[in-house]
Amino acid sequence: DLAELRQMASDPGTEPDLRKMAEAEAEQLEARERALAAELRVLLLPKDPNDEKNVIIEIRAGAGGDEASLFAQDLFRMYSRFAEKKGWKFEVLDTSLSPIGGLKEAVGNIRGQGAYSFLKYESGVHRVQRVPRTEASGRIHTSTATVAVLPEADEIDVKLDPKELKIEAFGSSGPGGQSVNRNYTAIRVTHKPSGLVVSCQDEKSQHRNKEKALRVLRSRLMDIAQSEQADAIAQNRRSQVGTGERSEKIRTYNFPQSRITDHRLNESFHNVEAILDGEIDGILDRLVRQAQAQALGSASRDPD
């Protein structure tokens, strides 16, 4: 269509009114062509083979004591609410409570189409600045929590040799050592070759706790294998977005100013309460676009 319009516009025999219409229509088609070309470049980028997988998400309280555990609890709820808004299934795999009711550690499973493609940029250190509930003088404290997002590994992805596993049952317990379940339903799985230990006590049956623990173990083992492979193959070419570095401070939640700053985007978002209620689509969309732009930039510089 564009070629025909250009020919019409350049033909000396075309009437002036028709020439103007052809030129105007050609401008519209040129803009459409540029937009389609941009879409095609993104579609031609290599796909992350894990993008369609479900997610194992692990959150741990960092610096800040009790306040850090309360922040970890807020983050765990944020991701569960985000999953709910997306129509995905959120399942608690394991929790370890702090004495004041926060979370020292929590592991969840998010099941939904493309879950990993959305959440893989959330791995890293999240920082909060606010007045803790336990602070009588009203001083602002800074605390942290770490988030690890792992693609859930299937049995096909990681095969576990029963001979390499040490499985122990123990009585589950809550904060302060209080007994939650006197039966030995909690399960601890140790992977002997790697030394990884996974515990699960949220279910009332050994079988369910063992099943959940093995799902987490498989995902951690796959994450380690993929990280080692990425380091060996592309150590100097990895994007700063989505590297999964646990030590990387990625976001600050500032309550006094109701502002969240994502340090990779170098951009701030307002309404902390809404974002902690699961409205993180805006941040995730920008991170996806930034990752695509960086990948396109790398592709244009790469002679291969």
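Contact, as the word is used throughout this briefing, means heavy atoms within 4.5 Å of each other. The structure is a predicted model, in which local features need pLDDT of at least 70 and side-chain atom pairs count only at pLDDT 80 or more, while totals for chains, interfaces and linings use all residues. Residues are numbered from 1 along each chain as its sequence is written, and side-chain values use heavy atoms, with hydrogens and water left out. The chain holds 7 helices and 11 strands, where helices (H or I, at least four residues) and strands (E, at least two) are DSSP runs numbered from the N terminus.

**Chain as a whole**

- Of the 304 residues in the chain, 42% count as buried, a word that stands for under 20% relative accessible area, with exposed meaning over 50% and partly exposed lying in between (1.4 Å probe, protein chains only).
- The chain exposes about 17000 Å², of which carbon and sulfur atoms supply 48%; accessible areas come from the Shrake-Rupley method with a 1.4 Å probe, and for residues only the protein chains shown count as cover.
- Among contacts in the chain with a separation of 6 or more, 60% are accounted for by residues 24 or more positions apart.

- Tyrosine 79, when neighbours within four places in sequence are left aside, is in contact with Ile57, Ile59, Phe90, Ile110, Leu119, Glu122, His126, Val147 and Ile280.

- An open sheet is formed by 3 strands in the order β6-β7-β8, with antiparallel pairing; two strands pair if DSSP finds at least two bridges between them.
- β6 (165–170) and β8 stand at the edges with a single partner strand each, so one side of each has no neighbour in the sheet.
- β7 (residues 186–191) pairs with β8 in the antiparallel sense over 5 bridges, and the bridge partner of valine 189 in β8 is valine 198.

**Helix α1**

- Leu2, Leu5 and Ala9 are buried in α1 (residues 2–10), and they lie on the same side of the helix because they cover an arc of only 65° around its axis, the arc being that of the directions from the helix axis to the C-beta atoms.
- On the other side of α1, Ala3, Glu4, Gln7 and Ser10 are exposed, whereas the buried residues of α1 pack against α2.

- Aspartate 51 is found in the loop between α2 (16–43) and β1, where it is buried, with a relative accessible area of 15%.
- Not counting residues up to four places away in sequence, aspartate 51 touches Gly114, Ala115, Tyr116, Ser117 and Lys120.
- Glutamate 203 lies in the loop between β8 (196–200) and α5 (206–234) and is partly exposed, with a relative accessible area of 24%.
- Leaving aside neighbours within four places in sequence, glutamate 203 is in contact with Thr185, Arg208, Asn209 and Lys212.
- Glutamate 203 and aspartate 94 are 109 residues apart in sequence but 8.8 Å apart in space, C-alpha to C-alpha.
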